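Let's take a short walk through this model together.

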Amino acid sequence: MENSIILASSSPRRSELLTRAGVDFRVLTCETDESFPEKMAPQDVVKILAVRKNRAVQEKVPHAAILSADTVVAMHACILGKPRDQQEAAEMLTILSGKTHSVYTGVCVFDGKNEHTFFEKTQVTFWPLTEKEIDSYIRTGEPMDKAGAYGIQGKGSLLVQKIHGDYDTVVGLPLSRTVRLLREVFPACLPQWVR
C-alpha cells in the first residue's frame, strides 16, 4: 500500500486542511447517492454519507487507505443542505439569523481493511441579520455551494457572532481528531512530526 491516503472529496476546503497538517494525500471522488430518510438525526446522516462516499471509492481502489467526510447544518434537528437557488439561500440565512445552530461533520477512514467512523458537532451563533446583509452576502455567490448557505472560512465569517466547538468541523473536516485517528490506523500518510 502506498503512503498517501485518498481523499474522497472534491472540497477545496478539506484539501486545504489536510495540506495544512502535512498529510500525504491525493483526491479521487465518485458520484454517490446523498439522499437520506427525512427524520434521521444529523449525526447519523453525516456518518452514513461519509461511509457511502468512502465505499464508492473503495469499489475503484479496494485496498487503498481512504478518507471521506460529510457536513450538514442543522437547526432544531432540521437539516439545511446546499441551497437550490438564491431564494432558498435567503430563507436559510433568515432562519439562522440571530440564532444558534449546529454543524455536524462525519468522517470515515478506511485503512485498507476496516472502516473507522466518528462525527463532531460545533455550535454556531449568527448575529441578527438585516435583509440588506442577507441580500449582499447572497450576491457574492458564496452561499450557493455551502451547506446552510454560508461559508465560515470566507465572507460568511462576518455573519458569525461566536462558535462553541471545533472551527474546522464547520469548515468541513475536524482536522485535529482526524489526524489522531490517522495516527492510530494509517500513520504512513502523516509527516514525522505528527506521528
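In which helix is Thr169 found? This is a predicted model, and in it Thr169 belongs to helix 5, which covers residues 167-171. Is the residue buried or exposed? Thr169 has a relative accessibility of 0%, so it counts as buried. You can see what surrounds it by looking at its contacts: leaving aside residues up to four places away in sequence, Thr169 touches Thr71, Val103, Thr105, Glu120, Lys121, Thr122 and Pro174.

Now let's turn to the aromatic rings. A pair of such rings is described by how far apart the centres are and by the angle of the planes. How many aromatic pairs does a search of the whole structure find? There are two.

One of them joins Tyr104 and Phe119, with 6.2 Å from centre to centre and 35° between the planes, a tilted arrangement. This pair links distant parts of the chain, as Tyr104 sits in strand 5 (residues 100-110) and Phe119 in strand 6 (residues 115-126), 15 residues apart. Tyr104 counts as buried because its relative accessibility is 9%, under the 20% cut-off. Phe119, at 30%, falls between 20% and 50% and therefore counts as partly exposed.

Technical notes: Residues are numbered from 1 along each chain as its sequence is written. This is a predicted model: local features need pLDDT of at least 70, side-chain atom pairs count only at pLDDT 80 or more; totals for chains, interfaces and linings use all residues. Side-chain values use heavy atoms; hydrogens and water are left out. Helices (H or I, at least four residues) and strands (E, at least two) are DSSP runs, numbered from the N terminus. Buried means under 20% relative accessible area, exposed over 50%, partly exposed in between (1.4 Å probe, protein chains only). Contact means heavy atoms within 4.5 Å. Rings of Phe, Tyr and Trp (its six-membered ring) pair if their centres lie within 6.5 Å; planes under 30 degrees apart count as stacked, over 60 as edge-to-face and the rest as tilted.
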